[in-house]
Amino acid sequence: MANLEILVSELPTLIQNLKLTIGDSNQIMEQIILINNAQEQLRNIKKLIAQELKFGNIKNSAIATLPRIGAVASLFIPSMGLVDPAIAGKFGLSKTQISLTELQSKIDVWIEWGYFLQAIATDILSDLQLVNQLNSDINHLSLSAHFQGITESLNINFDFSNSKILQGQIYKIRNSQKELLELQEKLNYIFYTIKNSHKLLNILLGVSAFYGKSGFALEWLDDDHELIISSQEKFQELTDILNDCDYFQEQIAALIIQGDTLREQAEQALKKIEQESSKEPIISQDVEIVPKFSTQKIVRSALFIASSLLILGFGGWKVREQKISLSLTQEQSAIAKFKSAQKLGLEAASLVQKPPHPLKVWQQAQNKWHQAIILLDSIPNETSVSDRAKKKLAYYQINYKSISQRVLVEKKALANLESAQ
């Protein structure tokens, strides 16, 4: 019994090793060894439990096994003091005492999880292309860190009196906007890869691109058998990563607009400096004396010509003003539609998380996707958000089609239930 209690006291450390950190492929073999060792010790505990139950020395009794929540959590997440709710089920820390029979069942689950991780590790190491991509991703910033860096680079205090500094700031803004567009493409790749892939290894490629240098680990499966992933002590399901992608898309769109505004301000200021510096100094000239009657005629003629030009110019300016006003209104309307569509999309995605749901919830989400699609489809091509709207429209249509099928299934199930009743 003493040996069993000693081994059981080491359970938190054993269970901690039952995860697979994916980043540098060279470390995967080391983790397979750790997982094997943890499984071997779990099997030893299971044998001792079987012996105890066989002899019947502590039948129907309970032994103190896992330490209290705070103590166990300090081994994994000292800064929080508690085990993250996302993986609380993995450790089974809901009580401080557990029967031997219950412990046996938990050990079986932990051992099976270890086999699952080993199978994934083996599949990764046998795919050279996948290994190369993982090793490449670990050399790049995580999507969150990259976005934060661009945000900080656009926090610019302009020096409107120095043309050289302004030119450098304009160049910096253009580079930041280029990075934002590249980040948008990466986001689209991550979103489609995670959402549409049917193979776990392909999904892991999308997750790897999302976390980059931060790396990530496969921690556990939730109640709906969705993969729980950790990175830098943050636990997320795959659905959470998709929601993050939507959030970053919105933020990037706002930053692109902010960059346009900043660049326009800097370019106007630079143009003003160049105009002022190009003005020639005024040179005094002899004044020619003109007869009085000639001056009066010239003045009247000049006033007539000036007034005619002013009338013509004013008319042309009014037309241009109307065009500019119309263009600005169209642009503002397009941006507003795009933001509204994104909001509806997020609301729809939030509604259908963690199914099952009643038919009414599925229909509400379906309606929100439909409204979002109508808004995106009405955005004109010549606006600044047109390209982003088209990309967003493509996968909103996929979501709408998928959820429409789910609504049909739920309707049929409800009809069958009513018929049975």
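**View 1. Several helices and strands contribute to the lining of the second largest pocket in this predicted model.** At least two lining residues come from each of α5 (88–91), α6 (100–125), β4 and β6. Helix α6 gives the most, with 4 residues. The volume of the second largest pocket is about 360 Å³. Its lining is made of 20 residues, and those nearest the centre are Trp 220, Leu 221, Asp 222, Asp 223 and Ile 228. Sorted by class, the lining holds 10 nonpolar, 7 charged and 3 polar residues.

**View 2. Strands β4 and β5 form a hairpin.** Strand β4 covers residues 216–221 and pairs with β5 in the antiparallel sense, over 4 bridges. Trp 220 stands opposite Ile 228 of β5. Both Trp 220 and Ile 228 are among the residues nearest the centre of the second largest pocket. Between the two strands of this hairpin there are 5 residues, and His 225 takes a positive phi near 60°.

**View 3. Strand β5 also forms a hairpin with β6.** Strand β6 (residues 234–237) and β5 pair in the antiparallel sense over 4 bridges. Here the bridge partner of Ile 228 is Glu 237. Ile 228 therefore has a place in two pairings: it faces Trp 220 on one strand and is bridged to Glu 237 in β6, as the side chains of a regular strand alternate between the two faces of the sheet. The turn between β5 and β6 has 2 residues, and Gln 232 in the turn has a positive phi of about 50°.

**View 4. Strand β5 is mostly covered.**

**View 5. Helix α13 has its buried residues along one face.** This helix spans residues 359–377, 19 residues in total. From its first C-alpha to its last it reaches 27 Å, close to the 27 Å expected at 1.5 Å a residue. Which residues of α13 are buried? They are Leu 359, Val 361, Trp 362, Ala 365, Gln 366, Trp 369, Ala 372, Ile 373 and Leu 376. Seen down the axis of α13, these buried residues fall within an arc of 165°, so they line one face of the helix. An α-helix has 3.6 residues a turn, so residues three or four places apart point the same way.

How values were computed: Residues are numbered from 1 along each chain as its sequence is written. This is a predicted model: local features need pLDDT of at least 70, side-chain atom pairs count only at pLDDT 80 or more; totals for chains, interfaces and linings use all residues. Side-chain values use heavy atoms; hydrogens and water are left out. The expected span of a helix is 1.5 Å times one less than its number of residues. Buried means under 20% relative accessible area, exposed over 50%, partly exposed in between (1.4 Å probe, protein chains only). The arc is that of the directions from the helix axis to the C-beta atoms. Two strands pair if DSSP finds at least two bridges between them. On a 1 Å grid over the protein atoms alone, a cavity is a set of points where a 1.4 Å probe fits but cannot get out, and a pocket is an open set with protein on both sides within 12 Å along at least five of seven lines; lining residues have an atom within 4 Å of a point. Grid points are joined across faces, edges and corners, and a volume is the space filled by probe spheres set on the points. Ala, Val, Leu, Ile, Met, Phe, Trp, Tyr, Cys and Pro count as nonpolar, Asp, Glu, Lys and Arg as charged, and the others, Gly among them, as polar.
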